[in-house]
Amino acid sequence: MTPINALDAPQPGGGYSQAMLVGPGKSLLFVSGQIPVDAAGNVPADFAAQCRLVWHNIAAQLAAAGMDLTNLVKISTFLGDRRHREENSAIRREILGDHAPALTVIVCDIYDPEWLLEIEAVAAK
């Protein structure tokens, strides 16, 4: 996988790439929107805990396919409120470290009003 950031287009603002090139012979994994619900059905009350739980759920799906967070090539984050965008960004960078997949963040109405975010992903190996 190769990060792509065209020099004649805007550069990413931090922690992501404008595009990711997946070479031939790779398997793709499409991860449905992961929600802030644990295996027992519990939803944390605050944004940071919900965000970390969503990332835990993404990591679990990746692991079940023999992958990890470094295999992510595209992330789409749906936030229920734009006031969470900086905290979301900080937690994403904390979890992914130097790995910077392509990224979209959308502020929208979330399916369940108790959920503050949902994240879907694409991974390649």
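1. Where helices H1 and H2 touch, Phe-47, Ala-48, Cys-51, Arg-52 and Trp-55 of H1 meet Glu-87, Asn-88, Ile-91, Arg-92, Glu-94, Ile-95 and Leu-96 of H2, contact being taken as heavy atoms within 4.5 Å. Sorted by class, this contact holds seven nonpolar, one polar and four charged residues, where Ala, Val, Leu, Ile, Met, Phe, Trp, Tyr, Cys and Pro count as nonpolar, Asp, Glu, Lys and Arg as charged, and the others, Gly among them, as polar.

2. Please keep in mind that this is a predicted model, in which local features need pLDDT of at least 70 and side-chain atom pairs count only at pLDDT 80 or more, while totals for chains, interfaces and linings use all residues. Residues are numbered from 1 along each chain as its sequence is written, and side-chain values use heavy atoms, with hydrogens and water left out.

3. The axes of H1 (residues 47-64) and H2 come within 10 Å and cross at roughly 40°, each axis being a line fitted to C-alpha atoms, for helices over the stretch in contact, with angles from 0 to 180 degrees between N-to-C directions. The two helices are therefore oblique to each other, since angles under 35 degrees count as roughly parallel, over 145 as roughly antiparallel, 65 to 115 as roughly perpendicular and the rest as oblique.

4. Four strands form an open sheet in the order E3-E6-E4-E5, with mixed pairing; two strands pair if DSSP finds at least two bridges between them, and helices (H or I, at least four residues) and strands (E, at least two) are DSSP runs, numbered from the N terminus. Strand E3 (28-34) and strand E5 (102-107) stand at the edges with a single partner strand each, so one side of each is left without a neighbour in the sheet.

5. Strand E4 (residues 72-79) runs parallel to E5, joined by six bridges, and Ile-75 has Leu-103 as its bridge partner in E5. E4 and E6 pair in the antiparallel sense over seven bridges, and here Ile-75 stands opposite Ala-121 in E6. E3 and E6 also pair in the antiparallel sense, over five bridges, with Val-31 opposite Ala-121.

6. Is E6 mostly covered or mostly open? E6 is mostly covered, as seven of its eight residues are buried, buried meaning under 20% relative accessible area, exposed over 50%, and partly exposed in between (1.4 Å probe, protein chains only). Helix H2 (residues 85-96) lies across E4, E5 and strand E6 (117-124), running at about 155° to E4.
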